[in-house]
Each structure stands twice: as structure tokens, then as C-alpha cells.
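Here's a walk through the model on your screen, one region at a time. Have the sequence handy as you read.

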Amino acid sequence: MHAHAELRGLFPDTPWLHGGGSLQITSGADDGAALLAKINRLRDWGYAAEPMTAAGLAKLEPELDLAAIAAPAIGWFPDDGWIDPVLFAQYMIRAAIAHGASLHIGARVAAMDGAEDRITGVRTADGRHFVADIVVNCAGRWTNDAGTMAPIPLAPTVGFLAFTPPAPVTLARVLRTSLVDMRPDGAGRLMLHDNDIDRELTLDSPLSPGMKQAVRMAENAAKLFPGLAGLRPEAVRIAVRPVPADGYSAIGPVPGKAGYYLAVTHSAVTMSAALGKLIAGEIADGSEAPELALFRPARFFGANTPPIGGGAEALRHAG
Ligand SMILES: Cc1cc2nc3c(=O)[nH]c(=O)nc-3n(C[C@H](O)[C@H](O)[C@H](O)COP(=O)(O)OP(=O)(O)OC[C@H]3O[C@@H](n4cnc5c(N)ncnc54)[C@H](O)[C@@H]3O)c2cc1C
């Protein structure tokens, strides 16, 4: 989050970047205790997090009806926010081009060039060869399809989003609740998400704004914000999160394949600003970022061990 905020100093405008903090409202004693533990853990890491009272919540989000949630506990994360990833990526591409990068739209990597132990470039599906000191594979869920000779185990998950029409609701931040998660999506629209509903769907599920999962999310949102009553989603989207099989990011060189670097993570949006800096540093200076030590792809090739803890479980709550 700090790396994202730093971009404000580098770009004249950052229209992709939205602050406002985030709120999390859980229901019941167990989830309340888990929320408190999370707040304490984040504080230990030096990240702003605090429990919030109903009165504090009413000041931030006066239209939110807390009665919709039984035995609520509230967490407040003032430095959180959200970004518009497509806009963000395009601004970064524009800046990269201004610094001498070239952009090849629609150029699909079909194969890697080089020998068994060294990658020297890529061949695209249209037959062109690009020579490179280092090839960075950041093809998300397609990482293993992009001509790689060193696949890693992936366990991608499906994510489902619904979008409301412009609505008379003043929600101004990311809101995660036991009923539904939501955030503003511009022009008064809201984006809705529910981790449990993700598990009901597959990439092949037929999509329509009228599907029951989308309507259920809109109805739950209306329990929180009465101004949404009767509102139906106007769009839905399904996407696949690129998740390494143990749930953790895989960032770094691939052992035994000089010139080949992987950047695969579900958290590619949240971590983009920080990862961009760390990865550029490793590639340009040959330095090793200590922050990445536990997240090396080498663990899939018998070298370093993954971070301790439940990566998949942590991810289940990640959004
Ligand atoms: C419901 C939901 C909630 C999410 N919440 C968060 C969140 O809170 N924070 C967060 O950080 N992330 C979140 N994500 C994940 C996020 O949206 C991204 O999908 C993820 O971070 C991966 O980004 P990426 O850039 O690595 O991959 P992608 O965005 O998938 O980009 C991969 C690119 O590689 C290109 N490509 C593929 N194959 C080839 C090839 N052979 N040659 C050349 N190019 C190729 C593709 O065209 C694409 O442009 C969420 C996802 C979902 C579905």
C-alpha cells in the first residue's frame, strides 16, 4: 500500500488510485475474535488497523444499516484503498514507453529460445524472435502455457463479480462484510463480491446479470444499504486468480534456467507497485530483495521451502 501511495509523488495524476481506507464487519464471536487477531497482527507489522465502534462506523458510512449483521465486530484499516487495474496498467505501460520500452500488442509468446540451461529470448506465435537478457514470465493463469520449459504447479481459483447500475448510495470505501463485499466502481456503481459464491461457479458457468448468484449479492447489499432495495446487477464478470499450488506468490529466477524469471501471484494488483520495484531492482542491479526470499519459485524445484503457515487458507480470505 505504501508503494502504491509513493506513485503519487512520481506521476502528475494517479486516476487509478483510490484511498478511503477499508472496513471489515464480521458476524459472531469467532469471526470477531479472528478480526481482532488480524488487527493486532497488522499493527505488529506497522500497518494501520484498529477496531471501530458502531458510532465511528456511522460517521464514516451513515447509510450502512449495521442491524443487518448479527453480533457485529468492526475493523478499520485507514491506509487501505483500491485501484482500477486496467487503467493503472495502461499508465505504467505509457510510462515504460516514455522510458524506452516497446509494446507489442497481441504478440503471444509461443516458445522460449535458448538451451536447456539458459533462456535467451522468446518466439511469438507470429514467428518473430525477441532476444532478451532476461525473460520475465508474468502471464498469470497462462504462466505454464507461455512456452515455458519449467512449469510450476498452479491451483487457480475462480472469482465472480457483479456490478450495479449507478445507485443512490454514498459508500466511499472498500467494505467487507459477512453478507457481501463491495466497493465503489465509479459513477455511482458498486462492485459486489462474495468468496462463498465463488465456490459455486466454474469458468464455464453461463453468465448473465440475472443469474441467482448475482441477484443474491445485490439482495445482501440492499440489506446493508436500504438505498439499493430492488436494484438488480447490470453486469457480471468471472475471472481466474493465478495461484501457485501452495497459495503463495512465486517471484524470482528459475533454478537451472539462467535468464528466466517468474512473477506469478494472486496478489498481483495489491502487490504490483512493490513487486515492480523489487523485481526491477533484482533484474537491473542483480541484487536480491530479502522481502522475496520466502517466495522463490525455487521451492517448486526442490530448493527453498515455502513460507510457514496456511497459504491457501490465507488466500481464502483474501478476496
Ligand atoms: C474476485 C477477484 C478478486 C481479486 N482481488 C484481488 C485483490 O484484492 N488484490 C490483488 O492483488 N489481486 C486480486 N485479484 C487478482 C487480480 O485480479 C489478478 O488476476 C492477478 O493479480 C493476476 O495478475 P497478473 O498481472 O499476474 O496476470 P493477468 O492479469 O492475468 O495478466 C496476464 C497477462 O499475460 C498475457 N498472456 C497470457 N499468455 C500469454 C502469452 N503466451 N504470451 C504473451 N502474453 C500472454 C495475458 O494476455 C494477460 O495480459 C482478484 C481476482 C478476482 C477474480
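## Starting at Ser-287

Ser-287 counts as partly exposed, because its relative accessibility is 34%. On that scale, buried means under 20% relative accessible area, exposed means over 50%, and partly exposed is in between (1.4 Å probe, protein chains only). You'll find Ser-287 in the loop between helix 7 (272-285) and helix 8 (311-316). Helices (H or I, at least four residues) and strands (E, at least two) are DSSP runs, numbered from the N terminus.

What does Ser-287 touch, leaving out residues up to four places away in sequence? Ser-287 touches Gly-281 and Glu-282, where a contact means heavy atoms within 4.5 Å. Phe-130 is another story: Ser-287 and Phe-130 are 157 residues apart in sequence, and their C-alpha atoms are 25 Å apart in space.

## What kind of model this is

This is a predicted model, so local features need pLDDT of at least 70 and side-chain atom pairs count only at pLDDT 80 or more, while totals for chains, interfaces and linings use all residues. Residues are numbered from 1 along each chain as its sequence is written, and side-chain values use heavy atoms, with hydrogens and water left out.

## The overall picture

The protein has eight helices and 16 strands. Its C-alpha trace spans about 65 × 40 × 40 Å along the principal axes.

Of the 319 residues, 41% count as buried. Among contacts with a separation of 6 or more, 68% come from residues 24 or more positions apart. The protein exposes about 16,400 Å², with carbon and sulfur atoms supplying 59% of that area; accessible areas come from the Shrake-Rupley method with a 1.4 Å probe, and for residues only the protein chains shown count as cover.

## Salt bridges

A search of the whole structure finds 13 salt bridges, each one a side-chain nitrogen of Lys or Arg within 4 Å of a carboxyl oxygen of Asp or Glu. One of them links Lys-277 to Glu-6, with the closest N and O atoms 2.9 Å apart. Lys-277 sits in helix 7 and Glu-6 in helix 1 (residues 2-10), so the pair ties together parts that are 271 residues apart in sequence. Lys-277 is exposed at 54% relative accessibility, while Glu-6 is partly exposed at 46%.

Arg-299 pairs with Asp-246, and here the closest N and O atoms are 2.5 Å apart. Arg-299 is in the loop between helix 7 and helix 8, and Asp-246 is in the loop between strand 14 (235-241) and strand 15, so this bridge ties together parts 53 residues apart in sequence. Is Arg-299 buried or exposed? Arg-299 is buried, with a relative accessible area of 10%. Arg-199 and Asp-196 also form a salt bridge, at 2.8 Å from N to O; Arg-199 is partly exposed at 47%, and so is Asp-196 at 48%.

## Strands side by side

Strands count as paired if DSSP finds at least two bridges between them. Strand 4 (residues 72-77) pairs antiparallel with strand 2 (residues 22-27) over six bridges, and Gln-24 stands opposite Gly-75 there. Strand 4 also runs antiparallel to strand 3 (residues 50-52), joined by three bridges; Met-52 has Ile-74 as its bridge partner.

Further along, strand 15 (residues 250-253) and strand 16 (residues 260-264) run antiparallel, with four bridges joining them. Ala-250 is partnered with Val-264. Six residues lie between the two strands of this hairpin, and Gly-256 in the turn has a positive phi of about 80°.

Ile-97, Leu-103 and Ile-105 make a nonpolar surface patch of about 320 Å². Patches are made of residues with over 30% relative accessible area and no salt bridge: like charges are joined within 9 Å, and nonpolar side chains (Val, Leu, Ile, Met, Phe, Trp, Tyr) within 5 Å. Leu-103 lies in the loop between helix 4 (85-98) and strand 6 (109-115), and counts as partly exposed at 43% relative accessibility.

Leu-36, in helix 2 (residues 29-44), is partly exposed too, at 42%. Leu-36 and Pro-51 are 15 residues apart along the chain, with their C-alpha atoms separated by 7.1 Å.
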